[in-house]
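Welcome, and thanks for taking a look at this one. Please have the sequence and the 3D view side by side as you read.

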Amino acid sequence: LIAAHGDTPALMPFLHLPVQSGSDVILEAMNRGHSAESYYKLVAKARAARPDIALSSDFIVGFPGESDKDFEATMQLVRDVKFAFAYSFKYSPRPGTPAAVMNKQIPEAIKDARLAQLQALLLQQQADFNASCVGQTLPVLFEKPGRYEGQAIGRSPYLQSVHVEGAAHLIGEIRNVRIDAVGPNSLKGASLPSV
């Protein structure tokens, strides 16, 4: 898959690589089958094959036994890798799972605090990534009408929502769009003439 990202222009420069935690202790407890080091190596290979690739991931905080040191390892991994987008959740026990009966369950208040801290960092990284797109020209696949008359919403190669005025006739097409601004959850741009 990594080689294909480097060799196949039709693949978008976006890859979802769930890691869950930056702590090897927690990854082992979760039976994830990878370590933080192997994740770092995978990211390095993907970026070497496709320098413009953006990454998203999944994180769980408050897994039974997660220490402050384990949580900080997750925060450091996020700071090191820099994600364009991520899903993050606090651990909740599910009946019948091994983790539900593990010792060292984490209090809800600690899980809430850790999740808030992690999400603040992830949201800042997402905002930084979106801001880095301003001034770029990106191909956008127009999907549906926007909220306003004549507006269309599409997706960038990085799965960002892109709003363009006067583009309703472009739904179903891919067009180059100059990214002019960033909103809270989307980009705004102007469609460029076809060449």
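Here is a short briefing, grouped by topic.

This is a predicted model, in which local features need pLDDT of at least 70 and side-chain atom pairs count only at pLDDT 80 or more, while totals for chains, interfaces and linings use all residues. Residues are numbered from 1 along each chain as its sequence is written, and side-chain values use heavy atoms, with hydrogens and water left out.

**Overall make-up**
- The protein contains 5 helices and 8 strands, taken as DSSP runs (helices: H or I, at least four residues; strands: E, at least two) and numbered from the N terminus.
- Starting at the N terminus, the order of elements is α-β-α-α-β-α-β-α-β-β-β-β-β.
- Along the principal axes, the C-alpha atoms fill a box of roughly 60 × 35 × 30 Å.

**Burial and contacts**
- Of the 195 residues, 39% are buried (under 20% relative accessible area, 1.4 Å probe, protein chains only).
- Among contacts (heavy atoms within 4.5 Å) with a separation of 6 or more, 63% join residues 24 or more positions apart.

**The parallel sheet**
- Strands E1, E2 and E3 form, in that order, an open sheet with parallel pairing, where two strands pair if DSSP finds at least two bridges between them.
- Its edge strands, pairing on one side only, are E1 (14-16) and E3 (85-90).
- E1 pairs with E2 (residues 54-61) over 3 bridges, and His16 has Ser56 in E2 as its bridge partner.

Definitions and conventions
Buried < 20%, exposed > 50% of the residue type's maximum accessible area, 1.4 Å probe, protein only.
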